Amino acid sequence: MKKKYILPILIIFSALESHALPFNSNLSKYEETYLRANGTVIKNLEGAEDLCIRNFNPEFDARIQKIKNSKPQYIVEVMQIRKIEESENPIESFYSILQNIRLYQQIPFRYNDDGTVDSYLYSKAIKISDKTDGSYRFINADLTLPPFKSCKFDITIRHENELIIYSAENTVDLTCMGFIRIKKGSMNSIITAFKSDGYWIIYGIGALNAPKVPILLKAINGAFIARVECFCNWATNYIDEREKNARPKLPPYTVQYWDKK
């Protein structure tokens, strides 16, 4: 998306009060302005060191560090902010949908021109086990993610009044196209929502350790970004529907790291 098409929409937000959002200098001023205008920012990163989030919670920070240590070949982050006084607490909405594994099979992935759904993100979503321990929920699920076959994931959800941290990690090796192998623990996702300086921060990461095949690099990146975006859109749209929130319908602002070179 070209900046010139949305710049007029954002001018009014450029002089907003300066809250110290929990992002570092990897988030550009333009991207911050887009977030403040109720837009979604999606960043395809060259490496985990380019993540925009700052430390805010020891548990979350440890999970981020684990992803950084794994040096993923493909990584994307998705960000939204919502003013607290204009939004209900999104935590319960997030928890309601993220723990309901059977609903994952309803996440649309491709749309036809008439708005009908051509395919879904997961062709199968079955809960294998489920355990609750205090504010933690531990779920093992079979989530079949085409073009892979059966994919088993460990899902952990920390659920409190003003914080949710969701993480998922594959527990079996996966093979795609006969030669792209994804080892156990190499496909990770994290979603969190928390309060910071007058805002609800909604933040997600998808990270994948898989071979970088030059001829397929942009295709694999595009497919990976699309899947992360679909999952995050599905979850945040659910919040909007429950809140009946009339958020501006800005298109997502997507940043590809190779465009900066």
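Y104 counts as buried because its relative accessibility is 0%, where buried means under 20% relative accessible area, exposed over 50% and partly exposed in between (1.4 Å probe, protein chains only). The model is predicted: local features need pLDDT of at least 70, side-chain atom pairs count only at pLDDT 80 or more, and totals for chains, interfaces and linings use all residues. Residues are numbered from 1 along each chain as its sequence is written, and side-chain values use heavy atoms, with hydrogens and water left out.

**Aromatic pairs**
- The whole structure holds 13 aromatic pairs; rings of Phe, Tyr and Trp (its six-membered ring) pair if their centres lie within 6.5 Å, with planes under 30 degrees apart stacked, over 60 edge-to-face and the rest tilted.
- Y104 and F231 form an edge-to-face pair, because their ring centres are 5.5 Å apart and their planes stand at 85 degrees.
- This pair joins distant parts of the chain, 127 residues apart: Y104 lies in the loop between α4 and β3 (108–111), and F231 in helix α5 (residues 217–243).
- F231 also counts as buried, because its relative accessibility is 8%.
- A cluster linked by ring pairs comprises F23, F56, F60, F194 and Y203.

**Surroundings of E88**
- E88 is located in the loop between β2 (74–83) and α4 (91–98).
- Beyond its neighbours within four places in sequence, E88 contacts W200 and E243 (heavy atoms within 4.5 Å).
- The C-alpha atoms of E88 and W200 are 9.3 Å apart, although 112 residues separate the two along the chain.

**Overall composition**
- The protein has five helices and 13 strands, taken as DSSP runs (H or I, at least four residues, for helices; E, at least two, for strands) numbered from the N terminus.
- Of the 261 residues in the protein, 51% are buried.
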